[in-house]
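Please look through the sequence and the three-dimensional picture shown below before reading on.

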Amino acid sequence: MRDLEQEKARIWAHLTDLAQGADIAGIFAPDAEAQIAHPWGVSHGPEQISQFYSALTRALPDADWRPEIFLAGENHPDSRTDMVRYSPLVGSFGHWQGTFSDPLLGIQPTGGVVHLRICEVHHLNDAGQIARSWILPDLIDLMDQAGCNPLPPMPGARGLWPGPKGGAGVRMGPGDPAGGAASMARVLDMHDNLNNNPGADVSNLSMDHWHPHFMYYAAAGIGICRGVEGFRQNHQIPFRIAVPDRESRGHFVRIADGPFALTGGRLYATHTGPYLGIEATGKSVGMDVMDFYHFDEDGLIIENWLPFDILGMASQLGVDLLPSG
């Protein structure tokens, strides 16, 4: 079993260096694979992966990586999938903070400070290089900061995602695997409850796993919500109307430490209702998501951060949300 403290220290150093323009070849393994949000997609080897990081460092040349949640753990099993189970994994939610100085994918620079939200999961090889990555930057949030949000007004609030209430989201020590196992068990029980109750009518759907006034930080386009009713009205019900047959075929990540847990995978669905200003297309779609959870002392979810590749979903529906130039 790997030393998780050492794993975290190495990933921390790599992510710090990447934001400062370090040589990709010294960080990623020659056979590395990175699944990156649209438009980059699955990238193989340092040369392809560098296209993502080079674009970011050109746009934010003075960036600092500022993590808010950083945890590691053995990857809990998922019987729904036969995909390769990489373990251990290190997960992070944070921002690249810097001056937006050069265009990024047609998004015009502001010349001022921006916070590029990035949620990511990494696995190291035995040599300490990154061998497998899943990366979700929130480019719609960057467009919102730059004044060119392509979506209708968010149902939730706009703004910077804060770190966990009370701090302690950066888990650099030996961790709390027993507490993490309890957190993961609660998350999976909550997922079973949601998955066993499909449809837009949520009146009989239990929210017993959630604090009544929990904070829900969803990707730009959805926005920030508070409490059960805020979550339902701004995200849960519109999403269920849009993709009522959604299903997960397995998580690539299930890690937890103390009161924090992280899951992530791809949802598959048919787009049969309007969503984020896109009318129903009837097309099949795969949606890449992660969920970072924070539990309170009573074992209830007090905060949930939801990165979501909305650009990728829209592209599959025939809608290009990136600026034309």
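The residues that line the second largest pocket divide into 12 nonpolar, 3 polar and 4 charged, where Ala, Val, Leu, Ile, Met, Phe, Trp, Tyr, Cys and Pro count as nonpolar, Asp, Glu, Lys and Arg as charged, and the others, Gly among them, as polar. The model is a predicted one, in which local features need pLDDT of at least 70 and side-chain atom pairs count only at pLDDT 80 or more, while totals for chains, interfaces and linings use all residues. Residues are numbered from 1 along each chain as its sequence is written, and side-chain values use heavy atoms, with hydrogens and water left out.

## Pockets and cavities

On a 1 Å grid over the protein atoms alone, a pocket is an open set of points with protein on both sides within 12 Å along at least five of seven lines, a cavity is a set of points where a 1.4 Å probe fits but cannot get out, and lining residues have an atom within 4 Å of a point. Grid points are joined across faces, edges and corners, and a volume is the space filled by probe spheres set on the points.

The second largest pocket has a volume of about 300 Å³, and of the 19 residues that line this pocket, the closest to its centre are Q35, M83, W134, F252 and R266. Two or more residues of its lining come from each of β1, β6, β9, β10 and β11, with β6 giving the largest share, 4 residues. Such helices (H or I, at least four residues) and strands (E, at least two) are DSSP runs, numbered from the N terminus.

The largest pocket holds about 660 Å³ of space, and L194, N195, F239, R246 and L267 are the closest to its centre among the 29 residues of its lining. At least two lining residues are supplied by each of α4, β7, α5 (227-242), β9, β10, β11 and β12.

A search of the whole structure finds 4 cavities of 30 Å³ or more. The largest cavity has about 70 Å³ of space, and its lining includes A37, H38, P137 and F308. Both α3 (139-145) and α6 (310-316) supply at least two residues of this lining.

| Space | Volume | Lining by class |
|---|---|---|
| Largest pocket | about 660 Å³ | 13 nonpolar, 10 polar, 6 charged residues |
| Second largest pocket | about 300 Å³ | 12 nonpolar, 3 polar, 4 charged residues |
| Largest cavity | about 70 Å³ | 7 nonpolar, 1 polar, 2 charged residues |

Strands β7 (residues 210-218) and β12 (residues 301-306) run parallel and are joined by 5 bridges, with W305 in β12 as the bridge partner of Y217.

## Backbone details

Most residues other than glycine have a negative phi, and most peptide bonds are trans. A cis peptide bond, with omega of about 10 degrees, joins H38 and P39, and P39 is found in the loop between β1 and β2. The bond from S87 to P88 is also cis, with omega near -5 degrees, and P88 lies in the loop between β3 and β4. L105, which is not a glycine, has a positive phi of about 55 degrees, and its place is in the loop between β4 and β5.

Conventions
Pairing = 2+ DSSP bridges.
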